[in-house]
Amino acid sequence: MKVKMLSRNPDSYVRETKLDLQRVPRNYDPTLHPFEVPREYVRALNATKLERVFAKPFLASLDGHRDGVSCLAKHPKSLATVLSGACDGEVRIWNLTKRKCIHMIQAHEGFVRGICTRFCGTSFFTVGDDKTVKQWKMDGPSFGEEEEPLHTILGKTVYTGIDHHWKEAVFATCGQQVDIWDEQRSSPICSMTWGFDSISSVKFNPVETFLLGSCASDRNIVLYDMRQATPLKKVILDMRTNTICWNPMEAFIFTAANEDYNLYTFDMRALDTPVMVHMDHVSAVLDVDYSPTGKDFVSASFDKSIRIFPVDKSRSREVYHTKRMQHVICVKWTSDSKYIMCGSDEMNIRLWKANASEKLGVLTSREKAATDYNQRLKEKFQHHPHIKRISRHRHLPKSIYSQIQEQRVMKEARRRKELNRIKHSKPGSVQRVSEKKKRVVAVVK
Amino acid sequence: MSSSRAAESLLALNQQEELEDLPREYPLSTSEDEGDSDGERKHQKLLEAISSLDGKNRRKLAERSEASLKVSEFNASSEGSGEKLVLSDLLEPVKTSSSLAAVKKQLNRVKSKKTVELPLHREEIERIHREVAFNKTSQVLSKWDPVVQKNRQAEQLVFPLSKQQSVFAPIEHVVSGWKARTPLEQEIFNLLHKNKQPVTDPLLTPMEKASLKAMSLEEVKMRRAELQRARALQSYYAARARREKKIKSKKYHKLLKKGKAKQALKEFEKLRKVNPAAALEELEKLEKARMMERMSLKHQNSGKWAKSKAIMAKYDLEARQAMQEQLARNKELMQKIQVASESAEEEGVAEEEGEPFVPDMVNEVQVKASGPNPWMFRNHSSDTKEAEVQGDPEELAEPAAQEAPESEEEGPVVAEEILLKEFEERRSLRQKSGLKQITKPVGSQETKDPSSQGVLSELRALSQKLNRENHQSRKQELSSTRTVLAVQREEPAGEEEEPLLLQRPERARTLDELEELGKEGCFQNKELPRAAVEGQQWERNPSNHLSVPKEKKRKEQMIDLQNLLTTKSPSMKSLAVPTTEELEDEEERDQRQMIKEAFAGDDVIRDFLKEKREAVEASKPKDVDLTLPGWGEWGGVGLKPSAKKRHRFLIKAPEGPPRKDGNLPNVILSEKRNIRAAAHQVRMLPYPFTHHQQFERTIQTPIGSTWNTQRAFQKLTMPKVVTKPGHIIKPIKAEDVGYRSSSRSDLSVVQRNPKRLSIRHKKQLKKNSVD
């Protein structure tokens, strides 16, 4: 009689080395794993709660400036280096990993209005209230050398902003007009004007590098073409735009930070309607910067907070504030899209995580899988009321909170009034204007 | 003004005096009296100047007492008199002279010409410049549209976008960089290098390779000769081709072409005999050429040659012929097989109907029936098989109809095909008798109401179908919904006139049977409202007449068409131009009968009431029976627990709260909603979803690894944006996405455009300096 033994191949259950994961036989029969929706719902709820628990975005504060920080600049090659200019004319270069100031220059008399780095990262430019444009070496003077700019250009009027071309030795300044300078020359190779008003900021398009955008104090945003040396189009908004920022992944999209508490994302080919109106701030928006992935942007506001907006949403996904942070003047998103820096009135530069609850450092593959799964679960159940409520909950300082309430009431009243007006007038005589179109006064060709 | 001028002159005079004082002190050559007279004049002038100082213009005309000293040939001086000479005064006498007539004429001619338009305003020009520049820029930017679109919709984006290509270093480089350290390694290396063992290619050593590469002398010679011959041959051929190409005679070329064609035909014939498969392939090639022609439209009159011919055609008979030939060829090539287009049309009709699931066979069968030339199908090799397959049922249908269909699934399909065939036959008949019909308009055929027509034809089809079934009295399974669809689809086809004459006898028979059927149906429907689950009926009457379920199904379909029927019924009354009264009457009665039968079991109100009753019953709390049979008494088959025991162990359910819709007779308010659960439920359909089912489905699909395999889990939980820590993400570049970036730098363009810039810049500078 032959006896049949139960036998199995050890290959199917024995690990090759001790470090391998245990092989777990699985049975995917759905009857063995019931209640998939409720179980996943609970997991999503827990993930959302944990996200809020671990949401600790504030990383560091870089102090050392002796006046409000007026401008920030990223180093194009080094993630750890940040430059900042202050209202007393001081420029500091910081090392983020050490969280220390590594270099300090008294660059201007009065404000440092603008600062930008050269694309190669060897030098940077500053403009100040003393009507000068100065070029500086990135690494400070060698021993015994005096701290001097590489070049100084003395202008006739005050320059209020500066930006460097992304590929070539050209930079643009703004003030009375937009000037485009060759680095080698002491006079602009081209100046472009349209109307007479002080221009507060000028930005080069990072993708189509010959394009420039500027915003002036007569409430307009003007686009320029450097190659044809001519302005292209002008859009006039309800209120003044403080600065604009181009989307680094979408050549024709830019976002404007406006005084009317909103941000407007435009497609530059169709300026008559903004693509999206981003509202959540309760005071003037002073600065905006895109994440290098082009999916989000961060805005700094006079209401002492910074907010992060997804580009395709009109409401912010995150708001950062601290008790000590005053009016935020400038903000930057670092080039690895992980951190956010903001410079504020009370002389500090703060470093934040771009994703508040993200775990920093190296993750094991299982950790990574877990975070991915949790993220996906949160997305899947994001519309469920409990999860939505928890994920949207933020603590706000009282001033902002009450402002929001107040503005909600105002907005509602306005809406009601409009509805009443429509209701009580001849049908068709009062047109409803969409929120997007309402803010655009005119587009000038 | 004048006073100031006078003051100036005074000053000038004073200076002059001072100057002239000097020579007076040293009288060198000037005589006394000269000086005197000079002084006198000056004095007078001074007086004059002073007198003119008081503001009033009291200029006196100086009298000219003597001939002027300053006579110049260049200009007429009018010294003395304060008056200026005017050119016109001088010209006055000349005016009359006729020598200036030519000049005058020229002047007039110039005057008669129109003035040149004013150049545009500067702002206007700038605006135009801006607009042009903007258009150009937005054109440049629009190349990013697809990229942006793709990135926005991408499942996953991995940053940085530009990946550093991992460089593959050849193994030699790696090895050369590596040094043997341990004695064992050194030993091995020594062994390897002593024999020049290859590192990469383990098969051949360099020595071996070299020996392989070497050729014997004879071989080299032979090879060279071969090459030479080949080269010579090639050159001969080339020369010949060139010569032939140069021949201008059209006749020659025509003959050549014809010869080639003939040759090709011959070869094809041969091929067909020898190798039919290859011939078929050849044929397919021809078909492809035709298709290409259709696409390219080469043989139309748009070519260079054709144009030249078109000019010549007026005068040259030959050219005209050539053109006609070409046009004929074009037509021939362009001709698409008629049948295909017809079927396309058919499909169009079907789509209008809003029926996406049109059975292909409909078209196919039709093709089979009406296609003028079956050989045309040979070209569509792919279609052929289908056509054959579809053709089969036609022949098979009859026998199949005789036999009872064994499989349940096949039943409806076959029935459907039969139905379709009937339609087809009828249509072909109709087409044949088209003329007859025009002369004999009968009954409702003339009505222009297409929908009622459609209904009629539909009903007719139904009756025929039933008729056939009854005749054969065979088992037919429930026809699939597909049949229904097919029938509905056919409706518009029935819009054309119906050959009613051909159908009447059949229908007369049908009606009787239909009535019977109707009675049966009514009988059943009296028991239960129609909306009550049909399955019950099925259970209850398994041995019922077999065509009844069929009939039921039909009815259901017609109820789908309910709106159609109810709305169109009045128009049916005024249906037609009567040929004979009784015909019409009969027709109408038929219709009414049919409709009545169709809706016999359709009592909506009763349905609703029943539904509500059921809902109320279902929502009531149930009694709980805890009796255990056999406990305390005998149990077994056929034994029931005693009534006393049952009474004892029955827990009566408490009376629930009163229903909210208790007093609302026309409403059912569901009380199933769980408030506790509702707090966790989504109240509104979130944005990207358009239907709640979509949303539910996404929620119901689990993504965790508990329910999915590892691979699927990874795919499902793929993060949308992946960034590498510590890597700088640069803005997107044209090269990243496969576009060529503009080679010219922005700066160079600016500098190449210096004229405008410089002008602008100058203006700017000027403005600045003025400021």
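**Close-up views of a predicted two-chain model**

**View 1. B:Val132 and its nonpolar patch.** B:Val132 counts as partly exposed because its relative accessibility is 46% (buried is under 20% relative accessible area, exposed over 50%, partly exposed in between; 1.4 Å probe, protein chains only). The residue lies in helix α5 of chain B, residues 122-142 (helices are DSSP runs of H or I, at least four residues, numbered from the N terminus). Patch members have over 30% relative accessible area and no salt bridge, with nonpolar side chains (Val, Leu, Ile, Met, Phe, Trp, Tyr) joined within 5 Å. Areas come from the Shrake-Rupley method with a 1.4 Å probe; for residues, only the protein chains shown count as cover.

This is a predicted model: local features need pLDDT of at least 70, side-chain atom pairs pLDDT 80 or more, and totals for chains, interfaces and linings use all residues. Residues are numbered from 1 along each chain as its sequence is written, chains are lettered from A in the order written, and side-chain values use heavy atoms, without hydrogens and water.

**View 2. Helix α8 of chain B.** α8(B) lies largely in the open, because 0 of its 12 residues are buried.

**View 3. The interface of chain B and chain A.** The buried area is about 6400 Å² (accessible area, 1.4 Å probe, that two parts lose on being put together, summed over both). Carbon and sulfur atoms give 62% of this area. The rule finds 4 salt bridges across the interface (a side-chain nitrogen of Lys or Arg within 4 Å of a carboxyl oxygen of Asp or Glu). B:Arg152 and A:Glu250 meet in a salt bridge at 2.9 Å, N to O.

Key:
Patches are made of residues with over 30% relative accessible area and no salt bridge: like charges are joined within 9 Å, nonpolar side chains (Val, Leu, Ile, Met, Phe, Trp, Tyr) within 5 Å. Helices (H or I, at least four residues) and strands (E, at least two) are DSSP runs, numbered from the N terminus. The expected span of a helix is 1.5 Å times one less than its number of residues.
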